[in-house]
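Subject: Structure handover

Hi,

Here is the structure I said I'd pass on.

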Amino acid sequence: MPRKHFHRYLPTPESILAKPWCAPFRPWLGHPNLWHINRRSVAGAVAIGLFCGLIPGPFQMLGALLLALPLRKNIPVALAVTLYTNPFTI
C-alpha cells in the first residue's frame, strides 16, 4: 500500500529524461535504482538527504543529487528529505 501511494507522487523517469535540459545527463540518470522504490535505494536516499540537509545555504539539494548519483540511490527521495531543514530560514 505505501509503495503505491508514493508512486502516485513521484515523477516517472521517462518524463524527467525527456526534458531538453536533461539531455547531457541521460547516461548518468538512466540507472533504474535512481528511480525505483525499494528498501536499499530509499534507505540510502534518506541517509543522503539527512546528511546533505546539514549543508548550509542553497547547496543542500545539489549535494544530495551529487551523492545519490554515484551511490545509485533514489534521487527524488534524497532531494525531498533535504527539506527537513527549512531552506527559507537559513
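Some housekeeping before that. This is a predicted model, so local features need pLDDT of at least 70 and side-chain atom pairs count only at pLDDT 80 or more, while totals for chains, interfaces and linings use all residues. Residues are numbered from 1 along each chain as its sequence is written, and side-chain values use heavy atoms, with hydrogens and water left out.

**The chain overall**

You'll find six helices and zero strands, so the order from the N terminus reads α-α-α-α-α-α; helices here are DSSP runs of H or I with at least four residues, strands are runs of E with at least two, and numbering starts at the N terminus. Of the 90 residues, 30% count as buried. Buried means under 20% relative accessible area, exposed means over 50%, and partly exposed is in between, with a 1.4 Å probe and protein chains only. The chain exposes about 6,300 Å², and carbon and sulfur atoms supply 71% of that (Shrake-Rupley areas with a 1.4 Å probe; for residues, only the protein chains shown count as cover). Looking at contacts (heavy atoms within 4.5 Å) with a separation of 6 or more, 62% are between residues 24 or more positions apart.

**The core**

The largest nonpolar core has 16 residues, and those with the most contacts inside it are L29, W35, I48, I75 and A78. By nonpolar core I mean a set of buried Ala, Val, Leu, Ile, Met, Phe, Trp, Tyr and Cys residues joined through side-chain atoms within 4.5 Å. At least two residues of this core come from each of α2 (13–17), α4, α5 and α6, with α6 giving the largest share, four residues. As for I75, leaving aside neighbours within four places in sequence, its contacts are L29, L34, W35, L65, A68 and L69.

**Helix α4**

Helix α4 takes in residues 39–52, so 14 residues, and reaches 20 Å from its first C-alpha to its last, close to the 20 Å expected at 1.5 Å a residue (the expected span is 1.5 Å times one less than the number of residues). Its buried residues are S41, G44, A45, I48, G49 and C52. They sit on the same side of α4 because they cover an arc of only 140° around the axis, the arc being that of the directions from the helix axis to the C-beta atoms. Exposed R39 and F51 are on the face turned away from that buried side. The buried residues pack against α5 (60–71) and α6.

G49 in this helix is worth a click: it counts as buried, at 0% relative accessibility. Not counting residues up to four places away in sequence, G49 touches A78, V81, T82 and Y84. G49 and I75 are 26 residues apart in sequence and 9.4 Å apart in space, C-alpha to C-alpha.

**Helix α5 and what comes after it**

The end C-alpha atoms of α5 are 17 Å apart, which agrees with the 16 Å that its twelve residues should span at 1.5 Å a residue. Buried in α5 are Q60, G63, A64, A68 and L69, and what covers them includes α3 (26–29), α4 and α6.

Just after α5, R72 takes a positive phi of about 60°, and this is a residue other than glycine. R72 is in the loop between α5 and α6 and counts as partly exposed, at 34% relative accessibility.

**Q60 and T85**

Q60 is in helix α5 and counts as buried at 3% relative accessibility, while T85 lies in the segment after α6 (75–81) and is buried with a relative accessible area of 19%. What joins their side chains? A polar contact of 3.2 Å does. That term covers a pair of N or O atoms within 3.5 Å; within protein, one must be able to donate a hydrogen and the other to accept it, and residues adjacent in sequence count only if both atoms are side-chain atoms.

Both side chains also reach backbone oxygens: Q60 that of I55 at 3.1 Å, and T85 that of T82, 3.5 Å from a polar atom of its side chain. Leaving aside neighbours within four places in sequence, T85 is in contact with G53 and Q60.

Cheers
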